[in-house]
Amino acid sequence: MEDFLKELPKKAQEKQTENKKFFVKLKKKPPKNLDYVMQELHENEFKKTDCLTCANCCKTTGPLFTNADVERIAKSFKQKPQQFIANYLRVDDENDYVLQSVPCTFLGADNYCSIYDVRPKACREFPHTDRKKFQQISNLTMKNVAICPAAYNIVEEMKKKIKV
Ligand code: SF4
Ligand code: SF4
């Protein structure tokens, strides 16, 4: 996994033009069974990929924290939301709560998340490859393939499976 992670930004860069063309066409005419195909590709990939050997998302990009995330996580720490925000979060350019720094404070040396049961929604859903109407998040996916080996593999398989 370490070697793959090292090469991933370069590999993603090499695929960028091809991926862009693919997603433009996909957006214009998404196949009727796209949600089903994505679900299958996502499940097959995550049967092979063990996130505990990777944690690259937690190390390199942080999630957005919604108000519901803040309340839930603060409660688990027995803190007031404002206290939790002051301790761990900042507001980014788009006015969203994000981590003060990466790697994520809640990531252990063993790649386990110390707040796993109450983790942000964005962490639960990353890399969003089983998302319904997947064609609508192509810009985000183009970024995620440079961070997430699973997303990279899923998009590669997707291009083989879906003829646009
Ligand atoms: S979701 Fe992707 S980047 Fe995050 S740990 Fe799993 S494989 Fe790695
Ligand atoms: S909260 Fe947990 S899952 Fe989310 S980035 Fe931090 S360590 Fe990773």
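**Ligand shells, helix packing and backbone geometry**

Biologist: How many nonpolar residues does the shell around ligand 1 have, by class?
Modeller: This is a predicted model. The shell around ligand 1 has no charged residues and two polar ones. Its nonpolar residues number 10.

Biologist: Which elements give two or more residues to the shell around ligand 1?
Modeller: Ligand 1 is surrounded by residues including Cys51, Cys54, Asn56, Cys57, Pro149 and Ala150. The elements that give two or more residues to this shell are helix H3 (56–60) and helix H8 (149–161).

Biologist: How many charged residues are in the shell around ligand 2?
Modeller: Ligand 2 is surrounded by Cys58, Cys104, Cys113 and Cys123, among others. Arg119 also belongs to that list. By class, the shell has nine nonpolar residues and one polar residue, and the charged count is one.

Biologist: Is H4 roughly parallel or roughly perpendicular to H5?
Modeller: Two packed helices are described by the angle between their axes and the distance between the axes. Helix H4 (residues 67–76) and helix H5 (residues 81–88) have axes 8 Å apart, at an angle of about 95°. Angles of 65 to 115 degrees count as roughly perpendicular. Therefore H4 stands to H5 as roughly perpendicular.

Biologist: What residues of H5 make the contact with H4?
Modeller: By class, this contact has six nonpolar, one polar and one charged residues. H4 brings Val70, Glu71, Ile73 and Ala74. H5 brings Pro81, Gln83, Phe84 and Ile85.

Biologist: Which strands stand at the edges of the open sheet?
Modeller: The sheet has three strands in the order S1-S3-S2, with antiparallel pairing. Each edge strand has a single partner, so one side of it is left without a neighbour in the sheet. The edge strands are S1 (64–65) and S2 (89–91).

Biologist: Which residue of S3 stands opposite leucine 89?
Modeller: S2 and strand S3 (residues 97–99) run antiparallel and are joined by three bridges. In S3, the residue opposite leucine 89 is leucine 99.

Biologist: What distance separates the centres of domain 1 and domain 2?
Modeller: The domain assignment gives domain 1 as 2–47 + 126–161. Domain 2 is 64–114. Taken over C-alpha atoms, their centres are separated by 27 Å.

Biologist: What is omega for the cis bond that joins valine 102 and proline 103?
Modeller: Most peptide bonds are trans. Proline 103 sits in the loop between S3 and helix H6 (121–125). Its bond with valine 102 is cis, with omega about -5°.

Biologist: Where is proline 127 found?
Modeller: The peptide bond from phenylalanine 126 to proline 127 is cis, with omega near 0°. Proline 127 is in the loop between H6 and helix H7 (138–144).

Biologist: What is phi of lysine 78?
Modeller: Most residues other than glycine have a negative phi. Lysine 78 lies in the loop between H4 and H5. Its phi is positive, near 55°.

Note on methods: Residues numbered from 1 in each chain as written. Chains lettered and ligands numbered in written order. Predicted model: local features only at pLDDT ≥ 70, side-chain atom pairs only at ≥ 80, totals over all residues. Near = placed C-beta within 6 Å. Helix = DSSP H or I, 4+ residues; strand = E, 2+ residues; numbered from the N terminus. Nonpolar A, V, L, I, M, F, W, Y, C, P; charged D, E, K, R; others polar. Axes fitted to C-alpha atoms, helices over the stretch in contact; angles between N-to-C directions. Parallel < 35°, antiparallel > 145°, perpendicular 65-115°, else oblique. Contact = placed C-beta atoms within 7 Å. Pairing = 2+ DSSP bridges. Domains from an automatic or database assignment.
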